[in-house]
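Student: Let us go through this structure by question and answer. Please show it first.

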Amino acid sequence: MKILFIVVLGGDLVRSTEHLGVAYLSSYLQEKGYTDVSIKEVFGIADKKNLEDALKEEYDVVGFSTTCVAMREIINIGNAVKEKYPNTHITMGGHMATFWGKEILERYSCVDSTMRGEGEITCYELIKATEKKESLENIEGITYKQNNEVIANPDRLLMKDLDVLPFPVRNQFELHDNRFQYLRICSSRGCLGKCGFCSSYVGRTQKDFCWRGRSPKNVADEVEELVKKYNFHTYDFVDSTFEDPGEFGKQRIGQIAHELIDRDLNIFYNCCFRAEDWYDSDRELLRFLIDSGLEKVNIGFESGNDRGLKLLYKRARSKDNQRVIKLLADFPEIYITFGFIMFHPDSILEDLKDNADFLYGTGIGQVIRHYFWKLEVYPATAIEEKLKKAGRITVDYDICDGMYAYEFLNPKVSKISDISQKLLSIQEVWDFEIFDILVHTFISRMLRKYSNSEIKDELDEFIAYVNGVRAEMAKYNHEFFMDIYDHTDEIDVDEKAAVLKQHIKEKMALISNKEYRFGMNLKRRGYELVQKY
Ligand code: B12
Ligand code: SF4
């Protein structure tokens with residue numbers, strides 16, 4: 001059997017293209033004896049070069065992983081595959097296929113089957129049945145066409161033991177000449193968060209306790225294999241919440257850190273936390289995680305007040321968000337990246353002000369993108385359901401339209417959001433976010449290397465300079481946003497955009513120059529600088 005997974009690049013997947021979902025499917029199929037499995041990347045139907053390469057040969061099964069932003073191109077490419085190779089079985093998995101699998105099959109004739117939830121076993125059973133030309137009627141978790149009828153089989157239970165899975169293939173990394181900024185690792189599946197805007201499926205279409213974690217040894221074995229094979233040291237843990245579920249979860253990540261340190265793997269990594277899980281009593285664990293390589297933490301703060309947090313169905317409250325920011329401030333090696341939803345369908349003016357005050361007041365407001373972010377409503381989320389019930393979004397959602405369009409309750413919020421969406425198109429707004437992370441990476445790694453050395457004071461002075469510029473930017477951003485808030489009807493967006501662009505450029509230049517002088521000075525004196533990737 002010849003099997004191909006096409007990763008359709010769109011949204012954030014353009015910048016870092018590794019897709020762990022299909023990498024897991026590939027390694028699982030290979031373990032089961034299907035060795036002819038490939039992964040190819042295509043931007044879309046207009047990406048002739050990659051598409052031609054993907055369709056050079058005929059495959060028995062072609063699989064796509066679906067997310068809202070990529071659906072249109074997935075269908076376009078699916079049609080191209082079917083046109084050229086009518087006998088190829090086209091299947092889809094991932095989030096859109098999980099929640100809209102039946103509709104996808106009803107609407108798009110090129111698709112033969114869709115799968116719900118975790119795909120390893122379902123995909124294997126589909127391929128086995130296709131090879132033997134058997135019916136799909138006994139495969140759990142699959143929806144398929146039979147005599148023009150769409151049949152949805154019962155859901156499959158979640159896998160219990162993730163340690164039995166083979167490590168995901170790294171074909172995409174090799175396809176890119178081993179030049180990724182980081183490799184992704186999935187140490188657990190499922191999340192106890194249940195945020196109202198999240199379409200993570202685990203535990204919804206597949207029943208059982210939704211969180212499952214790999215053993216610390218199994219996780220470290222994978223990292224060690226990658227370090228040895230590729231001499232690669234930067235990792236992104238894609239776990240929904242690294243420390244889930246509760247105390248057991250904290251013990252588990254402590255043990256992962258232990259394994260990574262014991263094996264002297266010398267890696268750097270980032271992961272996601274939920275604010276409500278972290279307390280002062282976790283300082284020792286945090287120190288340990290840092291020693292094992294933790295340098296970035298992503299937290300979904302999402303709102304500056306409890307009203308917003310409740311409307312978004314967050315478990316955390318403002319006090320939790322504030323507490324974790326304060327706690328992490330004591331660990332300068334850690335950078336906080338975060339999710340923040342300035343505008344959501346029920347936002348009122350006070351919320352916008354509270355949000356702005358939160359971003360500024362907690363000292364994390366140097367990245368202005370967070371002031372402009374509007375909630376993307378994905379299908380099958382709690383917020384979608386609520387909006388539908390209230391008649392606030394069109395019921396006839398078009399699968400290929402990406403996210404839902406929705407109306408705000410308050411016309412002024414709507415106007416501020418419209419202005420913000422225009423400002424989001426400024427390239428510098430995005431550039432600074434990446435720039436800031438890279439500066440931090442430099443700082444974090446220099447601190448690890450030199451914090452007990454004779455250049456400690458120079459390093460501290462450089463960090464203080466960068467933090468000073470960040471603080472100026474945070475103040476500027478707050479004033480910039482509040483100007484839009486106070487003078488919404490008089491704002492000239494083009495003028496505002498030009499000013500903002502210039503401001504960000506100037507601040508980036510200040511930090512870059514300082515970093516260059518600092519680095520050159522150290523290099524001249526024989527000190528080695530750290531890699532940012
Ligand atoms: C890491 C991550 C990313 C990474 C990597 C992308 C990737 N998909 O690998 C980056 C940062 C690039 C990214 C980008 C985006 N992401 Co993202 N991302 C995640 C995250 C946190 C984890 C995904 C992961 O690696 N899981 C681990 C692997 C093992 O599981 P998996 O990918 O789900 O795959 C399993 C099953 O889904 C299934 N399966 C998957 N594909 C296929 C294909 C076939 C044929 C079959 C049979 C089965 C199958 O089997 C796999 C193994 O069990 C999830 C949230 C979550 N907790 O799930 C969001 C999530 C998937 N992302 C989401 C979104 C919205 C995006 C973006 C649109 C953001 C943006 N605005 O650009 C882009 C879309 C990119 C694209 N073209 O698809 C949404 C999807 C919502 C939706 N309904 O579409 C999620 C659910 C988060 C959320 N907010 O709800 N993302
Ligand atoms: S914490 Fe993250 S993964 Fe978990 S439900 Fe919330 S948004 Fe989804």
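Student: In which strand is the place of T337?

Tutor: The model is predicted: local features need pLDDT of at least 70, side-chain atom pairs count only at pLDDT 80 or more, and totals for chains, interfaces and linings use all residues. Residues are numbered from 1 along each chain as its sequence is written, while chains are lettered from A and ligands numbered from 1 in the order in which they are written. Strands are DSSP runs of E with at least two residues, helices are runs of H or I with at least four, and both are numbered from the N terminus. T337 lies within residues 335-340, which form strand β14.

Student: Is T337 buried, partly exposed or exposed?

Tutor: Count the other C-beta atoms, placed from the backbone, within 10 Å: 20 or more means buried, 12 or fewer exposed, and anything in between partly exposed. T337 has 16, so T337 is partly exposed.

Student: Which residues is T337 in contact with, leaving aside its neighbours within four places in sequence?

Tutor: Contact requires C-beta atoms, placed from the backbone, to lie within 7 Å. Beyond the excluded neighbours, T337 is in contact with K296, N298 and I437.

Student: Where is T205, and is T205 buried or partly exposed?

Tutor: T205 sits in the loop between β9 (188-189) and β10 (212-213). Residues that T205 touches, not counting those up to four places away in sequence, are T98, R116, G117 and D155. There are 17 other C-beta atoms within 10 Å, so T205 is partly exposed.

Student: How are α16 and α18 oriented?

Tutor: Axes are lines fitted to C-alpha atoms, for helices over the stretch in contact, and angles run from 0 to 180 degrees between N-to-C directions. Helix α16 (residues 427-450) packs on helix α18 (residues 493-524) at about 20 degrees, with axes 10 Å apart. Angles under 35 degrees count as roughly parallel, over 145 as roughly antiparallel, 65 to 115 as roughly perpendicular and the rest as oblique. Therefore α16 and α18 are roughly parallel.

Student: How do the residues of the contact of α16 with α18 divide?

Tutor: On the α16 side are E428, V429, F432, F435, V439 and F442, meeting K501, I504, K505, M508, I511 and E515 in α18. Ala, Val, Leu, Ile, Met, Phe, Trp, Tyr, Cys and Pro count as nonpolar, Asp, Glu, Lys and Arg as charged, and the others, Gly among them, as polar. The division is eight nonpolar, no polar and four charged.

Student: How is α15 placed relative to α18?

Tutor: Helix α15 (residues 411-423) and α18 pack at about 45 degrees, their axes 10 Å apart. That angle makes α15 oblique to α18.

Student: Which residues does the cis peptide bond join?

Tutor: Most peptide bonds are trans. Here omega is about -10 degrees. P245 is in the loop between β11 (234-237) and α8 (246-262). The cis bond joins D244 and P245.

Student: Is N266 buried or exposed?

Tutor: N266 is in the loop between α8 and β12 (268-273). Phi of N266 is near 55 degrees, a positive value in a residue other than glycine. With 12 C-beta neighbours inside 10 Å, N266 counts as exposed.

Student: What is the radius of gyration of the chain?

Tutor: The radius is taken over C-alpha atoms, and the globule rule is 2.2 Å times the number of residues to the power 0.38. For 533 residues, a compact globule would be near 24 Å. The chain agrees, with 24 Å.

Notes:
Two residues are in contact if their C-beta atoms, placed from the backbone, lie within 7 Å.
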